[in-house]
Amino acid sequence: ERGEFLGTGMDENKVVELSDGRVMLNSRDSNNGGFRKVAISTNGGHSYSPVETDTELVDPTNNAHVTRMYPEAAEGSQEAKMLLYTGANHPTERRNVSARVSCDDGETWPGLRTIRSGFSAYSVATALDEGMYGVFYEGSYTNDLPLATFDRDWLNVACAPLAAEALALDAGASAEASLAITNQEEAALSGTLTLTGPAGWSAGTAEVSALAAGAKTTLSLPVMAPSTANGAVKLQARFTAADGRTSHSTVTAQVKGQSIISLEVSGKRSDAGRDLAAMPYAAGEKLP
């Protein structure tokens, strides 16, 4: 039977059963919003919750996939909560098909590994035998259809999602970024938390020491924006556990740019006969 209609601007939908029997709908945004659209059903897919945008799952209006990492895991177990998502990890271009891992039924996605850099598009993923996973994806539009296989060790995920508060600062100034880390594993975690940005940005690191299973802590990292920064800037947060496993997230920094007081332009002009003292360029005029 057809379930109830849901949402707008959604297509190429995928569904996955969660650890408690709920069903997650994960959809491509055909309105080019840049992220996946998600809704949850508690009645086997007959109806769904209101649609939400998952800003951790970047998507350039591409066909992606989501599946359980352990399809036979007992209901409610930690393994049953683990999901594998594959899709093009770019907001506007079909490129960088990547694997993301959730350890909490899709609430967060701390795991991230690139399967293929450069152009790559539609993908489908499944659990294989003996702890392996397969991802069949488009490597080009001319019959280049590779099958990537890997195990959980290759995914290298630490079940320790990161969350950041909004960060605002002036160009050329420093601020403190506040990052929370939650240990979703069954043993304590230690490691290093880092924050990196585009060229010119600088940020410190913070140490996580013996964070107990199920515990959460918030750390502050110093951040300095270059004098040329302006607007919304994405910073990359990364936790590296003592055994090398990692978790990832992004932090949006809103930068108030500096005003330009004066501007000197040098080069060869095509209007060399123009007397700039008598006839300076007006605001909005192109410089030849």
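A disulfide joins Cys-103 to Cys-159, with an S to S distance of 2.1 Å. The term means a pair of cysteine sulfur atoms within 2.5 Å. By this rule, the count is one disulfide. This is a predicted model, in which local features need pLDDT of at least 70, side-chain atom pairs count only at pLDDT 80 or more, and totals for chains, interfaces and linings use all residues. Residues are numbered from 1 along each chain as its sequence is written, and side-chain values use heavy atoms, with hydrogens and water left out.

**The disulfide**

- The link of Cys-103 and Cys-159 is left-handed, with -70° about the S-S bond.
- The pair links distant parts of the chain, 56 residues apart.
- Cys-103 sits in the loop between β7 (95-102) and β8 (111-119).
- Cys-159 sits in the loop between α1 (152-155) and β12 (162-164).
- Helices (H or I, at least four residues) and strands (E, at least two) are DSSP runs, numbered from the N terminus.
- Cys-103 is buried, at a relative accessible area of 1%.
- Cys-159 also counts as buried, at 3% relative accessibility.
- Buried means under 20% relative accessible area, exposed means over 50%, and partly exposed lies in between (1.4 Å probe, protein chains only).

- Strand β2 (residues 23-29) is mostly covered: seven of its seven residues are buried.
- β2 pairs with strand β1 (residues 10-17) in the antiparallel sense, over six bridges.
- Two strands pair if DSSP finds at least two bridges between them.
- Met-10 has Asp-29 in β2 as its bridge partner.
- Five residues lie between the strands in the β1 and β2 hairpin, where Gly-21 takes a positive phi near 95°.
- β2 also pairs with strand β3 (residues 35-41), again antiparallel, over five bridges.
- Opposite Met-24 stands Ile-40 in β3.
- The hairpin of β2 and β3 has five residues between its strands, and Asn-32 in the turn has a positive phi of about 60°.

- Strand β13 (residues 167-170) runs parallel to strand β20 (residues 246-256), and four bridges join them.
- Ala-168 stands opposite Gln-254 in β20.
- Strand β19 (residues 231-241) pairs with β20 in the antiparallel sense, over ten bridges.
- Arg-238 has His-248 in β20 as its bridge partner.
- β19 and β20 form a hairpin with four residues between them.
- In that turn, Gly-244 has a positive phi of about 95°.
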